[in-house]
Amino acid sequence: MEYLFLRRKRTTAFSERQKTLLLKAAERHWLEEFAGKEFEIRKVDCHIYKGILYQLELRQVFLDPSLSLKGLSDLLETNQTYLSNVVNKYFGCNLKELLNGYRVEYAKELLSSGRCALSDLPRCCGFASKSAFYSAFSRMVGVSPLLYQSRERRRRQMPAAN
């Protein structure tokens with residue numbers, strides 16, 4: 001599923017329209033991807049799945065470095081076991097990997113746009129430490145943040161040179 005926050009500027013508020021569009025897209029994606037598949041699907045799973053996307057996409061809770069399974073389950077008003085099962089089953093990873101994926105995608109967007117200094121990036125993206133940020137970024141993107149930033153700058157300058 002293509003993540004929506006990459007296509008909009010960070011704002012402190014979001015509209016009900018954004019929420020409605022996200023929930024409809026999540027429902028469509030759920031039906032295409034998971035409904036009628038081999039494994040057992042509980043009705044509550046879709047509700048939790050959409051809640052996770054709402055919290056990550058619109059509320060951008062991944063920017064909180066102290067966010068935990070318990071914290072997210074409290075936000076979604078579900079228990080930790082159900083939440084963990086939904087993340088594992090439908091996102092194909094654990095919660096830490098899911099959050100770090102969002103954080104790294106957000107970091108890439110900030111690096112591409114030049115809206116954040118490299119030294120401030122770990123904090124701005126929700127990482128608790130610089131080492132965790134650099135490790136996650138390098139593992140997921142395949143290059144360091146500095147190399148990614150320089151490649152993005154060159155890529156943006158190429159069309160201007162033509």
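## H3 against H4

In this predicted model, H3 and H4 pack with their axes 9 Å apart, at an angle of about 100°. Helices here are DSSP runs of H or I with at least four residues, strands are E runs of at least two, and both are numbered from the N terminus. Axes are lines fitted to C-alpha atoms, for helices over the stretch in contact, and angles run from 0 to 180 degrees between N-to-C directions. H3 and H4 are therefore roughly perpendicular to each other (65 to 115 degrees; under 35 counts as roughly parallel, over 145 as roughly antiparallel, and the rest as oblique).

On the H3 side, Leu 69, Lys 70, Leu 72, Ser 73 and Leu 76 meet Gln 80, Leu 83 and Ser 84 of H4, where contact means heavy atoms within 4.5 Å. Sorted by class, the contact of H3 with H4 has four nonpolar, three polar and one charged residues. Nonpolar covers Ala, Val, Leu, Ile, Met, Phe, Trp, Tyr, Cys and Pro, charged covers Asp, Glu, Lys and Arg, and the others, Gly among them, count as polar.

## H5 against H7

Helix H5 (residues 95-113) and helix H7 (residues 130-141) cross at roughly 85°, and their axes come within 10 Å. That makes H5 roughly perpendicular to H7. From H5, Glu 97, Asn 100, Gly 101, Val 104, Ala 107, Lys 108 and Leu 111 take part, and they meet Phe 133, Ala 136, Phe 137, Met 140 and Val 141 in H7. The residues of the contact of H5 with H7 split into eight nonpolar, two polar and two charged.

Asn 100, in helix H5, is worth a look. Asn 100 is buried, with a relative accessible area of 7% (buried is under 20%, exposed over 50%, partly exposed in between, with a 1.4 Å probe and protein chains only). Setting aside neighbours within four places in sequence, Asn 100 touches Phe 127, Ala 136 and Met 140.

## The nonpolar core

The largest nonpolar core holds 40 residues, and Tyr 49, Ile 52, Leu 56, Leu 98 and Leu 121 have the most contacts inside it. A core of this kind is a set of buried Ala, Val, Leu, Ile, Met, Phe, Trp, Tyr and Cys residues joined through side-chain atoms within 4.5 Å. Helix H1 (16-33), helix H2 (43-58), helix H3 (69-76), helix H4 (80-91), H5 and H7 each give two or more residues to this core. H5 gives the most, with nine residues.

Take Leu 56: beyond neighbours within four places in sequence, Leu 56 is in contact with Val 61, Phe 62, Leu 98, Leu 99 and Tyr 102.

## Two positive phi values

Gln 60 sits in the loop between H2 and H3, and its phi is near 50°, a positive value in a residue other than glycine. Gln 60 is buried, with a relative accessible area of 5%.

Glu 77 lies in the loop between H3 and H4. Phi of Glu 77 is near 55°, again positive in a residue other than glycine. Glu 77 is exposed, at a relative accessible area of 76%.

The protein has eight helices and zero strands. Of its 162 residues, 40% are buried. Among contacts with a separation of 6 or more, 63% join residues 24 or more positions apart. The accessible surface comes to about 9,600 Å², with 51% of that belonging to carbon and sulfur atoms, as given by the Shrake-Rupley method with a 1.4 Å probe; for residues, only the protein chains shown count as cover.

Residues are numbered from 1 along each chain as its sequence is written, and side-chain values use heavy atoms, with hydrogens and water left out. Since this is a predicted model, local features need pLDDT of at least 70 and side-chain atom pairs count only at pLDDT 80 or more, while totals for chains, interfaces and linings use all residues.
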